[in-house]
Amino acid sequence: MKPNIVLVITDDQGYGDLSCTGNPVLRTPHLDRFHDEAVRLTDFHVGPTCSPTRAGLMTGRHPGRAGVWHTIAGRSIVRQDVDMLPEILRDAGYATAMFGKWHLGDNFPYRPTDRGFDHVVQHAAGGITQQPDFWGNDYFDDTYLVNGEPRKFDGYCTDVWFDQALGFIEDHVDESPDRPFFCYVSTNAPHSPYNVARKYAAPYEGKVPPHVARFYGMIANLDDNFARLRGGLQRLAVEDNTIVIFMTDNGSSCPMVDGQTGHSTESFNAGLRGGKNSLYDGGHRVPFFVRWPAGGIDGGRDVEALSSGIDLLPTLIDICDIESTRDFDFDGVSLREVLHAEEGEASRWPRRFVVDSQRVLNPVRWRDSAVLTERWRLVDGKALYDIYADRAQQNNLADDHPDVVRELRAEYEAWFDRVYADADQPIPLFLGDPQGPDTVQLNSHDWRYPSGQTDVVWNQGQVRQGLALTGFWEVDVRRPGRYRVELHRWAREDQEHTAPDNVPLELDRENVDPTYAWFYEGGNDLELTAARVSLGEIEVSQPIQKADQQSVTFELDLPAGYNEMRAEFTLASGETVGAYYVYVTKLPDVEP
């Protein structure tokens with residue numbers, strides 16, 4: 001029987017955010033134990049932010065070549081024609097399930113259920129409290145999507161993800177013991193807001209600043225849940241033939257703050273420079289522990305070979321002996337040989353790749369980049385560091401090794417031309433597709449923003465504020481005909497919202513990060529005077545007469561095909577603001 005696969009990835013937990021990597025304050029005994037029994041890739045790199053890392057893991061490609069180089073603005077969506085890990089495993093007979101964070105597309109045909117997962121329990125977008133997420137979620141007793149349908153859950157978010165994962169595994173082993181499974185547990189913790197039960201944060205209070213205590217508390221909760229997961233695999237007698245992977249998605253997002261100066265400083269990071277979104281190693285070098293006793297991958301060994309998140313998919317295909325008719329086009333390589341090498345035996349091999357952090361609408365050559373080899377790091381094409389001698393990347397050796405700089409710059413130039421060759425190709429959201437949902441929710445999180453604007457409305461705090469930003473969606477109308485288009489200033493599920501005197505959510509304030517209270521409280525009704533929708537050559541508008549009106553509905557005849565769609569309100573001030581939530585429904589065709 002092929003091995004089962006359990007992949008656990010946490011969000012914004014850096015290399016130094018574990019006690020087994022040297023953190024002097026945080027305690028993670030269960031992950032430490034796994035670390036001691038696993039093979040550890042100690043020079044393993046991912047993207048500096050969330051979506052690029054996940055795109056690399058799921059496709060085996062450099063994220064930009066899959067269409068992903070940002071976390072918002074429609075640049076976090078993997079192209080439809082790119083094969084993904086769950087699709088490949090499902091083809092090979094695996095049962096597939098995902099719990100937690102996807103962040104690679106919330107709309108058909110890009111949702112996890114469209115990309116190979118049989119069963120999914122998830123929040124939307126990149127985190128709980130982000131704009132597409134179910135309105136009012138705060139990590140406790142939230143509403144999540146179960147195969148696309150909202151369902152209320154009791155308990156803390158991380159507990160829910162692991163509860164659901166254990167339930168899936170137990171049911172699967174009971175019902176289909178001879179069929180392998182792939183269980184993807186992708187937590188939103190410890191991403192901000194740093195909301196967690198105080199019992200987890202309390203052991204760190206007084207030792208680190210309050211926000212760091214909550215951050216560490218979220219990781220301590222993760223540690224307990226990882227122990228529950230391993231216990232379940234052992235109880236079901238499947239751990240021996242299960243590939244269990246623990247990793248994180250980028251550098252730490254939680255800096256310390258100096259109590260005297262108030263200046264932000266890096267928290268413990270195992271001697272690495274930089275945190276989340278940095279092109280120094282601290283931004284993208286992350287822990288990666290893997291164990292598979294039946295396959296000889298265990299024993300507590302360090303493997304120093306330079307490796308990457310884009311290597312995961314080709315590695316799993318190789319070590320699981322997956323056969324497929326798909327035409328694989330990977331940038332990553334299989335790590336099978338180095339995972340089976342004795343400690344130190346495979347510490348050096350001729351590997352190099354590029355990590356970048358574009359975070360703009362269209363890629364820019366040389367923007368926030370690092371070219372990596374076993375020995376060298378070329379940062380932004382200018383600064384050169386010898387990682388063998390300078391783990392902290394403090395000494396720029398570019399002037400001493402101009403030949404190395406020239407070589408790595410040429411490597412980057414060729415890489416950029418190949419990876420972003422199709423960057424201008426649209427990745428449209430489908431409207432009216434017979435296989436998609438009856439009603440499509442378009443979110444401001446996915447706006448392509450206009451020239452002069454550098455952000456979108458991507459979290460619920462910004463929705464409450466009523467930020468006067470706008471944008472458009474790339475859409476593909478799959479069937480021509482009559483459509484109902486609803487423009488909403490507030491989410492549909494927020495039916496009782498009456499700002500500015502709205503009743504705040506019932507928060508357990510002891511457990512909620514006060515820095516982010518504005519995500520959950522207050523808000524401004526906008527004084528809307530008109531609404532407008534445009535798609536290609538179609539443009540319609542209507543005045544708004546009622547002072548408290550916060551939504552408008554149009555019915556439009558839309559032609560089939562690709563177009564840019566805008567949906568906007570005009571304010572009494574004359575400003576234009578995009579409709580944060582737009583619901584598009586294909587109406588029944590009328591017989592002539």
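User: Which residue just after α2 takes a positive phi?

Analyst: Quick note before we dig in: this is a predicted model, where local features need pLDDT of at least 70, side-chain atom pairs count only at pLDDT 80 or more, and totals for chains, interfaces and linings use all residues. Residues are numbered from 1 along each chain as its sequence is written, and side-chain values use heavy atoms, with hydrogens and water left out. Helices (H or I, at least four residues) and strands (E, at least two) are DSSP runs numbered from the N terminus. Just after α2, with a positive phi of about 70°, sits Gly 60.

User: How many of the residues of helix α2 are buried?

Analyst: Buried means under 20% relative accessible area (1.4 Å probe, protein chains only). Helix α2 covers residues 50-59 and is largely enclosed by the rest of the structure. Its buried residues, including Cys 50, Arg 54 and Met 58, pack against β1, α3, β8, β9 and α8. The buried count for α2 is 10 of the 10.

User: Is Asn 269 buried or exposed?

Analyst: Asn 269 is found in the loop between β11 (264-265) and α7 (281-284). Leaving aside neighbours within four places in sequence, Asn 269 is in contact (heavy atoms within 4.5 Å) with Gly 14, Tyr 15, Gly 16, Gly 274 and Gly 282. With a relative accessible area of 8%, Asn 269 is buried.

User: Which backbone oxygen does the side chain of Asn 269 reach?

Analyst: A polar contact here is a pair of N or O atoms within 3.5 Å; within protein, one must be able to donate a hydrogen and the other to accept it, and residues adjacent in sequence count only if both atoms are side-chain atoms. At 2.9 Å, the side chain of Asn 269 reaches the backbone oxygen of Gly 274.

Key. Buried < 20%, exposed > 50% of the residue type's maximum accessible area, 1.4 Å probe, protein only.
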